[in-house]
Amino acid sequence: MRVLGIDPGLTRCGVGIVDVAPDRSARLVHVGVVRSATDLPIERRLAVIAAGLRQVMAAHSPHVVAVERVFAQDNLHTVMGTAQASGIALLLAAEHGLPAATHTPSEVKAAVTGYGSADKRQVQAMVARVLRLDELPQPADAADALALALCHAWRSGPGAAAVTGGALTPAQKAWRDAEQRTTRVARTKIRTRT
């Protein structure tokens, strides 16, 4: 399965493509960042992001697109730009006839590191390890995009069903346990609010 991960942003939109086999092994296909100048009007910035994503899709023919789900932030300007770039990514997936999914940052961290509150450095280190890279993927937006792609493939790809019926590796067990803990914590928070 070839997955395009997108870490949406107006200034820097991370893109990462991985090929993931049914045994959950992964290979780096492409990693980069689509940038738009901050002095451009918003419609031009979104057009730049769209053009960059179109180029990546055309060059690498992904099977599915995974986009980071927008979450609440204190900075309204930042969250708006992220949401707008996310919308562009999802629209382009639809235009290309590709299935698309969104994943929260904690889902991605749990899938890749086994810990839903991992920091950026831990995510970069695990992405480098899983993809057998000599260096940490840079910038962080690009590493996040690769992590999104891995998360999506591992959570929903053909290997996901096969793994659940057979023996899990220690890393897969850690991922499953972290995902269950994250889900329990989220449910507890929801119950305490009501």
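At 37% relative accessibility, Arg 54 is partly exposed (buried means under 20% relative accessible area, exposed over 50%, partly exposed in between, with a 1.4 Å probe and protein chains only). The side chain of Arg 54 forms a salt bridge with that of Glu 95, at 3.5 Å from N to O (a salt bridge is a side-chain nitrogen of Lys or Arg within 4 Å of a carboxyl oxygen of Asp or Glu). This pair links helix 1 (residues 42-60), which holds Arg 54, to helix 2 (residues 76-95), which holds Glu 95, across 41 residues. Glu 95 is partly exposed, with a relative accessible area of 49%.

The model is predicted; local features need pLDDT of at least 70 and side-chain atom pairs pLDDT 80 or more, whereas totals for chains, interfaces and linings use all residues. Residues are numbered from 1 along each chain as its sequence is written, and side-chain values use heavy atoms, without hydrogens and water.

The protein has seven helices and five strands, in the order β-β-β-α-β-α-β-α-α-α-α-α from the N terminus (DSSP runs numbered from the N terminus: helices H or I, at least four residues; strands E, at least two). Of its 194 residues, 45% count as buried.

The structure holds six salt bridges. In one of them, Asp 141 meets Arg 12 at 2.6 Å, N to O. Asp 141 lies in helix 5 (residues 140-156) and Arg 12 in strand 2 (residues 12-20), so the pair ties together parts 129 residues apart in sequence. Asp 141 is buried, at 12% relative accessible area, while Arg 12 is partly exposed, at 36%.
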